[in-house]
Amino acid sequence: MQSRGLIHRIGMEPMDFLLYPESAGAFPVRIQRLIETNDIDGLTKRKSAFFEVNKKETSMTKLANILFDMAIHWPAERYHLDAAVEQYLADHLTIPENLTPFELELQTAIGAPASHELLVLFWHRTKRMKHDLPKTELRTILAKLWLGALMNRDLDFLDNFRTSLDGTFVADGQLSGDTDWQEVWPFMQLLEQWVLEPSLDNEQQINEMIADTQAMGCISQAKYFTLVFARTRQGQPHHNPALIDHGQPVTVSKSNNFVPQRRTYLDLSLSDLALDRNKSTLRRFEEGKTQLSFSALVKLSGQIAVLVPTLLDNMYYKKQGQNRNITLGIGWRSIVAKKGQHLSDSSLERMIDQSMASMKDAAPSLRKAQLFVLQRAAMEVGMTSIDKAAHRLIAHDLLPQILKSNHWGFFEYLILRYIYPLLSFDELSMLFQQVKRMMQNRIDYDA
């Protein structure tokens, strides 16, 4: 694909498109905050926009309808999923290794209205895949299922899986270390304490945490905690003995092509994709015989419920099972992951050389900055054979480029990370002013 090759040559990362806006017809994979705060108005508008575009009934419209229904009604004490809906979810969320925001959005809404049996089914499926899931994703799924059991005051679930949960957290570290759960995990611990002993003292601790959270300006977080506690106070176990775990394997294409695999997983035919392309064009695209424009790929992402970076990251594997192109982000992560392993300088140099060889098509000015980033990452890991004087000169050269740039992506973030210790006070002042301007213009930057 020309777009994929172009962003590789100019040094962009697929994740630079993380903030690309969803179209109205895209499957909603960024509504977690709306779900947690039970923003009925926002959810209703998003639902109307989705179904205005997607009038044909497909597996995705069915799942979207279930998601919106759960998102709108989950805080209601008597709201539970009926048996048919639970069976549909059980059959369509079959394997956690397909974890994407699509699954995470559904799991955010499932917890409270799910039956004991559905929570148990998802728990077992997740634990079966623990070796294939990143630790943060494993902990996130288990915590969401645990929270669902707490809201239902499902003591059987809590008793049966407490050892499993404790073992996961003891082995992998506390969930409070994950940014998204720094407040949620302590709240869950207080909530569990209340569920096991609903005393006035335990209730007061929860209310104090909610008040403190609101006082710190985390209004949406405080509202979420309030809704969760209100649901928990009225919660009771809900059972669905008719639920069947069919355990259906997901049949995927042997071509190792992400798009047909994703379609198969989601039960979508080519004719279900509303992309203003005929089936033969889409089939030839999946077979690698034609290309799609970037705008068409963005629409495709929305149709198969993935973010744009996920599609870009997973589509373009080389043939015969070889690894995909190594980007700066992949190279950088592979190096920083070696921290604490005491690799030799020669081993780290080989890792740098392999990454640079894969990025050989990038412009010379980009390659100089890419090499600087990888070498500084290797220094963090323990590499000593680095020309620090040369790095200081490179940092001075890179600063003007950063100051002139009006858009920062992952590449710029890494440059910022490694040049600031090498700058003078005056240079740091200029950099600070630029960071301030960027944050004022783009509130979605995490600086």
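Visitor: Which residues does glutamate 412 touch, not counting those up to four places away in sequence?

Guide: Glutamate 412 touches Ile402 and His407, where contact means heavy atoms within 4.5 Å. This is a predicted model: local features need pLDDT of at least 70, side-chain atom pairs count only at pLDDT 80 or more, and totals for chains, interfaces and linings use all residues. Residues are numbered from 1 along each chain as its sequence is written, and side-chain values use heavy atoms, with hydrogens and water left out.

Visitor: Where does glutamate 412 lie, and is glutamate 412 buried or exposed?

Guide: Glutamate 412 lies in helix H21. Its relative accessibility is 18%, so glutamate 412 counts as buried. Buried means under 20% relative accessible area, exposed over 50%, and partly exposed in between, with a 1.4 Å probe and protein chains only. Helices (H or I, at least four residues) and strands (E, at least two) are DSSP runs, numbered from the N terminus.

Visitor: How many helices and strands does the protein chain have?

Guide: The protein chain has 22 helices and 0 strands. Of its 447 residues, buried ones make up 48%.

Visitor: And the contacts between residues at least 6 apart in sequence, what percentage join residues at least 24 apart?

Guide: In the protein chain, 70% of those contacts do.

Visitor: What does the accessible surface of the protein chain come to?

Guide: About 22300 Å², with 52% of that belonging to carbon and sulfur atoms. Accessible areas come from the Shrake-Rupley method with a 1.4 Å probe, and for residues only the protein chains shown count as cover.

Visitor: Salt bridges next. How many does the structure hold?

Guide: The structure holds 12 salt bridges. A salt bridge is a side-chain nitrogen of Lys or Arg within 4 Å of a carboxyl oxygen of Asp or Glu.

Visitor: Which residue does glutamate 192 form a salt bridge with?

Guide: Arginine 162, with the closest N and O atoms 2.3 Å apart. The pair links distant parts of the chain: glutamate 192 is in helix H10 (residues 184-196) and arginine 162 in helix H9 (residues 155-172), 30 residues apart. Glutamate 192 is buried, with a relative accessible area of 15%, whereas arginine 162 is partly exposed at 23%.

Visitor: Which residues are linked with Arg162 and Glu192 in a network of salt bridges?

Guide: Asp159 belongs to that network along with Arg162 and Glu192.

Visitor: What about arginine 417, which residue is its salt bridge with?

Guide: Arginine 417 pairs with glutamate 380, the closest N and O atoms being 3.2 Å apart. This pair also links distant parts of the chain, with arginine 417 in helix H21 (residues 410-419) and glutamate 380 in helix H19 (residues 364-381), 37 residues apart. Arginine 417 is partly exposed at 28% relative accessible area, and glutamate 380 is partly exposed at 38%.

Visitor: Glutamate 52 and lysine 55: how far apart are the closest N and O atoms in that salt bridge?

Guide: They are 3.7 Å apart. Glutamate 52 is exposed, with a relative accessible area of 52%, and lysine 55 is exposed at 63%.

Visitor: Which residues gather in the patch of negative charge on the surface?

Guide: Glu197, Asp201, Glu208 and Asp212 gather there. Patches are made of residues with over 30% relative accessible area and no salt bridge; like charges are joined within 9 Å, and nonpolar side chains (Val, Leu, Ile, Met, Phe, Trp, Tyr) within 5 Å. Lys and Arg count as positive and Asp and Glu as negative, while His and the chain ends are not counted. The place of a charge is taken as NZ of Lys, CZ of Arg, CG of Asp or CD of Glu. Aspartate 201 is in helix H11 (residues 200-215) and is partly exposed at 48% relative accessible area.

Visitor: New topic. Why is helix H13 described as largely enclosed by the rest of the structure?

Guide: Helix H13 (residues 258-266) is largely enclosed because 7 of its 9 residues are buried. The buried ones in H13 are Phe258, Val259, Pro260, Arg262, Arg263, Tyr265 and Leu266.

Visitor: Where does asparagine 38 lie, and what is its phi?

Guide: Asparagine 38 lies in the loop between helix H2 (32-36) and helix H3 (40-53). It has a positive phi of about 50 degrees although it is not a glycine. Asparagine 38 counts as buried, at 15% relative accessibility.
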